[in-house]
Amino acid sequence: MGTVDWAAWRPQAAEPEAEGLREQKKRRLRQRLSDTATEMFLEHGFDAVRVSEIAQACGVSEKTVFNYFPTKESLILDRGETTLAALCAGLADTAHPAVETVLRILSDELRAMTSWIAAQDDPHEAAAMIRRFGALTRSTPSLRAYHRDMTDRLVAAAAEALARRAHQSPDDPEPQIAATALLGLWSIQFRSLGKHLDGTRPAPQIHEAVTADVRRAAHLLDAGLASFEGAARTG
């Protein structure tokens, strides 16, 4: 399998302006480990590839791999931390409604993916590779479990941020259900991508179709969340 710049369609945390050479080398090695693991998992299957083989392919020790990634699953499902940081920062800004914040994050993630597809020599093959990535995640029990755990972390973080906005406890039912509903929009985007990444649509059409699906779902949440946030401001 040829080398693919997977980082190009996975939104990354902003690079520090004063990043030193040591930090730059560590960041690049981390990305190389993840990209190499992704390619090997897609080619051979997740369970068929050992972490020691990924380490060997990158010219490092197995211990080095685990210094960067705590589990084998995190080598391929490495976007959660970036999403978590964006979600916490976005929901901390009370000037913007929660739904608007989440839609902006989802749009950034979708734009990174569709822009990457459009930039490839063979956009149809690029779309097929992303479909294979999704299929691998769905068909591997340990990856599904890791994804559920990350979703639980995101829901907990969102509930805490929403509770602060509303001057409530994160354990109260309102921030709990609001956070669960907001994180459900990621599932809508994921399912919509599976439907529209059919190998026949150009990247702009994929972006438009998926965005429309996500906004339809978000529209149902808008009224309830606006009522929740409005009550908090007047309470």
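Student: What share of the 235 residues in the protein is made up of buried residues?
Tutor: In this model, which is predicted, buried residues make up 43% of the 235 residues in the protein. As for the surface, the protein exposes about 12,700 Å², and carbon and sulfur atoms supply 53% of that area.

Student: What makes up the fold, and how many helices and strands are there in the protein?
Tutor: The protein has nine helices and zero strands, and reading along the sequence gives the pattern α-α-α-α-α-α-α-α-α. Among contacts with a separation of 6 or more, 71% are accounted for by residues 24 or more positions apart.

Student: Why is Thr-114 called buried?
Tutor: The word buried calls for a relative accessible area under 20%, and Thr-114 has 6% relative accessibility, so Thr-114 counts as buried. This residue lies in helix α5, and, not counting residues up to four places away in sequence, Thr-114 touches Ala-203, Ile-206 and His-207.

Student: What makes the pair Asp-108 and Arg-111 a salt bridge?
Tutor: The rule asks for a side-chain nitrogen of Lys or Arg within 4 Å of a carboxyl oxygen of Asp or Glu. In this pair the closest N and O atoms are 3.3 Å apart, and that distance is within the 4 Å cut-off, so the pair counts as a salt bridge. Both residues lie in helix α5, three residues apart, which is about one turn of the helix.

Student: Which parts of the chain does the salt bridge between Lys-195 and Asp-213 link?
Tutor: The side chains of Lys-195 and Asp-213 meet at 3.3 Å, N to O, and the pair links distant parts of the chain, with Lys-195 in helix α8 and Asp-213 in helix α9 (residues 203–234), 18 residues apart. Asp-213 has a relative accessible area of 17%, which falls under the 20% limit, so Asp-213 is buried. By the rule applied to these pairs, the count comes to six salt bridges.

Student: How do you know where empty space is left?
Tutor: Rolling a probe the size of a water molecule over the atoms shows it. Here the largest pocket has a volume of about 980 Å³. The lining consists of 32 residues, of which Arg-79, Thr-137, His-147, Trp-186 and Phe-190 lie nearest the centre of the pocket.

Student: Which helices each supply at least two residues of the lining of the largest pocket, and what does the lining have by class?
Tutor: The helices are α4 (80–92), α5 (98–119), α6 (123–139), α7 (141–166) and α8 (173–196), and α8 gives the largest share, eight residues. By class, the lining has 16 nonpolar, nine polar and seven charged residues.

Note on methods:
Residues are numbered from 1 along each chain as its sequence is written. This is a predicted model: local features need pLDDT of at least 70, side-chain atom pairs count only at pLDDT 80 or more; totals for chains, interfaces and linings use all residues. Side-chain values use heavy atoms; hydrogens and water are left out. On a 1 Å grid over the protein atoms alone, a cavity is a set of points where a 1.4 Å probe fits but cannot get out, and a pocket is an open set with protein on both sides within 12 Å along at least five of seven lines; lining residues have an atom within 4 Å of a point. Grid points are joined across faces, edges and corners, and a volume is the space filled by probe spheres set on the points. Helices (H or I, at least four residues) and strands (E, at least two) are DSSP runs, numbered from the N terminus. Ala, Val, Leu, Ile, Met, Phe, Trp, Tyr, Cys and Pro count as nonpolar, Asp, Glu, Lys and Arg as charged, and the others, Gly among them, as polar. Buried means under 20% relative accessible area, exposed over 50%, partly exposed in between (1.4 Å probe, protein chains only). Contact means heavy atoms within 4.5 Å. Accessible areas come from the Shrake-Rupley method with a 1.4 Å probe; for residues, only the protein chains shown count as cover.
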